[in-house]
Amino acid sequence: MSDLDHRVGVREQNLVVRNLKLSNVTEESCDELVKEIDQLFGIDEVSYNIKEGEIHLAYDAVNINLDGIEEVIRKHGADVHDDWWTHTKESYYKFVDQNVKDNAAHKPWSCHKVPPGAGRKNK
């Protein structure tokens, strides 16, 4: 895939996919929740499986983070499920998202060019 296969604000190299269990999501709030998250800059894809109570997110970790998405979730009366596994995944996702964001701004120290003077032969 290339960057052209994604929405505006989403680059392939920064794309992350997340699945989190949510609680307190009603059928009425589900559609509004997904619709509002879908309109955020940097979101590539969002869906909610009401049967399993799980949200599926694909987003550019440089342009948006999980904290911003969770704000929208809480705004609609829902929250991240309160169990050990979901909190472990959430913490890991936030850690990786921050690394993606930090690495996107990092300038590599090596440009893999031949050092100056290395092409000359010693006589």
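Is Trp-84 buried or exposed in this structure? Trp-84 is exposed, with a relative accessible area of 65%; exposed means over 50%, buried means under 20%, and partly exposed lies in between, computed with a 1.4 Å probe on protein chains only.

Good morning. What we have before us is a predicted model, in which local features need pLDDT of at least 70 and side-chain atom pairs count only at pLDDT 80 or more, while totals for chains, interfaces and linings use all residues. Residues are numbered from 1 along each chain as its sequence is written, and side-chain values use heavy atoms, with hydrogens and water left out.

Let me begin with the sheet. Four strands form an open sheet in the order S2-S3-S1-S4, with antiparallel pairing. Strand S2 (43-49) and strand S4 (79-80) stand at the edges with a single partner strand each, so one side of each has no neighbour in the sheet. Here strands (E, at least two residues) and helices (H or I, at least four) are DSSP runs, numbered from the N terminus, and two strands pair if DSSP finds at least two bridges between them. Between S2 and strand S3 (residues 54-60) there are six bridges, in the antiparallel sense. Within this pairing, Val-46 has Leu-57 of S3 as its bridge partner.

Two helices pack on this sheet. Helix H1 (residues 27-38) touches S1, S2 and S3, and its direction makes about 170° with that of S2. Helix H2 (residues 66-75) touches S1, S2, S3 and S4, and its direction makes about 140° with that of S3. Contact means heavy atoms within 4.5 Å. Axes are lines fitted to C-alpha atoms, for helices over the stretch in contact, and angles run from 0 to 180 degrees between N-to-C directions.

How do H2 and helix H3 (residues 84-105) pack, and at what angle? The angle is about 135°, and the axes are 10 Å apart. H2 and H3 are therefore oblique to each other; under 35 degrees counts as roughly parallel, over 145 as roughly antiparallel, 65 to 115 as roughly perpendicular, and the rest as oblique. At this meeting point, Leu-66, Asp-67 and Glu-70 in H2 touch Glu-90, Tyr-93, Lys-94 and Asp-97 in H3.

Next, the aromatic rings. A pair of aromatic rings is described by the distance of the centres and the angle of the planes. Rings of Phe, Tyr and Trp (its six-membered ring) pair if their centres lie within 6.5 Å; planes under 30 degrees apart count as stacked, over 60 as edge-to-face, and the rest as tilted. By this rule there are two aromatic pairs. The rings of Trp-84 and Trp-85 have centres 5.9 Å apart and planes at 35°, so this pair is tilted. The rings of Tyr-92 and Tyr-93 have centres 6.5 Å apart and planes at 50°, so this pair is tilted. Tyr-92 is exposed, at 52% relative accessible area, whereas Tyr-93 counts as buried at 11%.

Arg-18 is found in strand S1 (residues 15-23) and is buried, with a relative accessible area of 6%. Its side chain makes a polar contact with the side chain of Asp-97 at 2.6 Å. A polar contact is a pair of N or O atoms within 3.5 Å; within protein, one must be able to donate a hydrogen and the other to accept it, and residues adjacent in sequence count only if both atoms are side-chain atoms.

Finally, Phe-41 lies in the loop between H1 and S2. Phe-41 and Asn-63 are 22 residues apart in sequence and 7.0 Å apart in space, C-alpha to C-alpha.
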